[in-house]
Amino acid sequence: EFENFITKQNMKRSILTLLVVSSVMITGAFAQGTDSGVATVTTEVLANLSITATTTVDFGNVASTSNPVISPNGGTHQDVATPTVGTFTIAGAANASVDVSFDATATLSDGAATPNTITFTPDLAAHATTQSGAPSLTTGDDITLNGSGAYLFWVGGELGTPGTGISSQTAGTYSTASTGGSAWNVTVTYN
């Protein structure tokens with residue numbers, strides 16, 4: 001009889017355990033809730049970013065065998081009589097950070113049927129306002145526009161093979177815009 005009593009007690013515990021587990025499962029199955037969240041979305045719309053060539057690079061007259069170099073920041077020019085430093089103006093949002101990227105070279109051509117060409121390797125200097133002594137600018141550099149959203153950079157460079165120049169170049173007028181030439185591209189992008 002003691003064994004029957006133990007068996008009945010175990011059955012009661014099993015049934016009780018089953019009822020508790022079922023109750024928890026049923027309660028969990030019916031327990032539902034609703035919640036919501038709020039997200040804030042913000043942005044700052046910046047002024048359009050632009051770049052304008054205000055002066056073109058012009059080496060003027062050069063000898064057919066020379067090493068023409070224009071300094072972009074008011075330094076000494078070499079083998080050029082009356083050079084013009086190129087000037088670009090960047091305009092955008094005040095105090096914005098901007099990436100400046102440009103082609104490593106460009107090709108000047110005389111436009112002949114079989115064009116004669118000269119390689120141009122740029123040298124840039126940049127500053128918010130002052131050309132004289134402006135620091136060098138290399139492709140991929142970041143600059144910060146001034147409080148008015150402006151920045152300037154000046155373009156000089158070298159014709160021919162860097163350090164050597166041109167040698168026995170065919171006489172003529174050469175330009176990146178002539179047939180056989182390639183433009184020199186500059187890109188500015190907000191960071």
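Three strands make up an open antiparallel sheet, ordered S8-S4-S10. Strands are DSSP runs of E with at least two residues, numbered from the N terminus, and two of them pair if DSSP finds at least two bridges between them. The edges are S8 (141-144) and S10 (186-190), each of which pairs on one side only. Neighbouring strands of this sheet are turned by 30° against each other on average, direction ignored; the axes are lines fitted to C-alpha atoms. Strand S4 (residues 97-102) pairs with S10 through five bridges, in the antiparallel sense. Phenylalanine 102 has valine 186 of S10 as its bridge partner.

The model is predicted: local features need pLDDT of at least 70, side-chain atom pairs count only at pLDDT 80 or more, and totals for chains, interfaces and linings use all residues. Residues are numbered from 1 along each chain as its sequence is written, and side-chain values use heavy atoms, with hydrogens and water left out.

The protein chain holds one helix and 10 strands. Among contacts (heavy atoms within 4.5 Å) with a separation of 6 or more, 76% join residues 24 or more positions apart.

The largest pocket has a volume of about 690 Å³. Its lining comprises 28 residues; Val57, Phe59, Leu108, Tyr174 and Ser175 lie nearest the centre. Strands S1 (50-55) and S6 (117-127) are the elements that each give two or more residues to this lining.

Methods
Helix = DSSP H or I, 4+ residues; strand = E, 2+ residues; numbered from the N terminus. Axes fitted to C-alpha atoms, helices over the stretch in contact; angles between N-to-C directions. 1 Å grid on protein atoms, 1.4 Å probe; cavity = no way out; pocket = protein on both sides within 12 Å on 5 of 7 lines; lining within 4 Å. Points joined across faces, edges and corners; volume = space filled by probe spheres on them.
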